[in-house]
Structure formats: C-alpha cells, structure tokens
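Morning, everyone. Please have the sequence and the model open side by side. I'll keep this brisk.

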Amino acid sequence: MIFDSKQHLHIGYYENDLDIEAIAYKIKSEDKWIVFIDSEQDLNMFKDTLYQLELYKNYGYKIFSVEVDDLSYEDGLEKFTEWLKVNKVV
C-alpha cells in the first residue's frame, strides 16, 4: 500500500465523554481510503477488539477501508461512528 502524501483526513468522535481519533489515508492511484486508529492514544476501550486488528508501523491499527475517491469528514465520521457502535465502544 502506498499512500498519497497529499491526502489524509483526521476523524474525531467527541461525544458521550469520549475523545477518540482516527486518521484516514488515501491510497495512491486508487479510489480507496484506509482508516487507522492511532496506537498512541488510550485504547483500553478497544481491548476486546485490538487482537483482531492489524497494526501498521507509523499508522496504527487498521480499522476499516472506504471505497471512494474523495472522503468527506462527514462520511468518514459516520463510518467511524458505525465502527465504534459495532465494537461496543459507543
């Protein structure tokens, strides 16, 4: 995977007393974004999920991908919130 150095998106969930951030990176020459949750933040709430995720050095845990050319913040947050709900964080 080679990411486009000019395109990334910070996504944050700041409701229900939570402060969780993810970063989406666009794959170069593809209409696809990979969303990671940074491993340097407190991830205790994900203890039941992390073992299922792949850790990428310098990016964090890969949580999902989105097949789209231009990922908006709103769409990214919607998908991130869905992922948090599925993983019983919110």
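Start with T81. At 17% relative accessibility, T81 counts as buried, because the cut-off for buried is under 20%. One caution before going on: this is a predicted model. T81 sits in helix α1. Leave aside its neighbours within four places in sequence, and T81 is in contact with Y13 and V90.

Now the sheet. What is the strand order? The sheet is open, has five strands, and reads β1-β2-β3-β5-β4, with antiparallel pairing. β1 and β4 stand at the edges with a single partner strand each, so one side of each has no neighbour in the sheet. From one strand to the next, the twist averages 40°.

Let's walk across it. β1 pairs with β2 in the antiparallel sense, over seven bridges. Find H8: opposite it, in β2, stands Y25. And where does the helix go? α1 packs on the sheet and touches β1, β2, β3 and β5. The direction of α1 makes about 60° with that of β1.

Next pair. β2 and β3 are antiparallel too, joined over five bridges. K26 has its bridge partner in β3, and that partner is W33.

How many of its five residues are buried? Which way do they point? W33, V35 and I37 point one way from β3, while I34 and F36 point the other way. Both sets are buried.

On to β5. Five bridges join β3 to β5, and the two run antiparallel. Two positions to look at here. W33 stands opposite V66 in β5. V35 stands opposite F64 in β5. β5 is mostly covered as well, with five of its seven residues buried. The strand covers residues 60-66.

β4 and β5 run antiparallel, joined by three bridges. Y56 has G60 as its bridge partner in β5. Here we have another hairpin: three residues lie between β4 and β5. N58 is in the turn, and its phi is positive, about 75°.

Now the rings. How many aromatic pairs are there in the whole structure? A search finds eight. Take F3 and Y25. Their rings are 5.4 Å apart, centre to centre, with 45° between the planes, and the pair is tilted. F3 is in strand β1, residues 3-13, and Y25 is in strand β2, residues 20-27. That pair links distant parts of the chain, 22 residues apart. Are these two residues buried or exposed? Both F3 and Y25 are buried.

A second pair is F46 and W83. The ring centres are 5.5 Å apart and the planes are at 40°, so this pair is tilted. F46 lies in the loop between β3 and β4, and W83 lies in helix α1, residues 73-86, so the pair ties together parts that are 37 residues apart in sequence.

Why does F46 count as buried? Its relative accessible area is 1%, and buried means under 20%. W83 has a relative accessible area of 11%, so by that cut-off W83 is buried too.

One more stop: T49. Where is it? T49 has its place in the loop between β3 and β4. F46 lies in that loop too. T49 has 7% relative accessibility, so it counts as buried. What does T49 touch, leaving aside its neighbours within four places in sequence? T49 is in contact with W83 and N87. W83, remember, is the ring that pairs with F46.

First, the open sheet, β1-β2-β3-β5-β4, with α1 packed on it. Third, W83 in α1, paired with F46 from the loop between β3 and β4, and in contact with T49. That's it from me. Thanks.

Definitions and conventions
Residues numbered from 1 in each chain as written. Predicted model: local features only at pLDDT ≥ 70, side-chain atom pairs only at ≥ 80, totals over all residues. Heavy atoms only, no water. Phe/Tyr/Trp six-rings, centres within 6.5 Å; stacked < 30°, edge-to-face > 60°. Helix = DSSP H or I, 4+ residues; strand = E, 2+ residues; numbered from the N terminus. Buried < 20%, exposed > 50% of the residue type's maximum accessible area, 1.4 Å probe, protein only. Pairing = 2+ DSSP bridges. Contact = heavy atoms within 4.5 Å. Axes fitted to C-alpha atoms, helices over the stretch in contact; angles between N-to-C directions.
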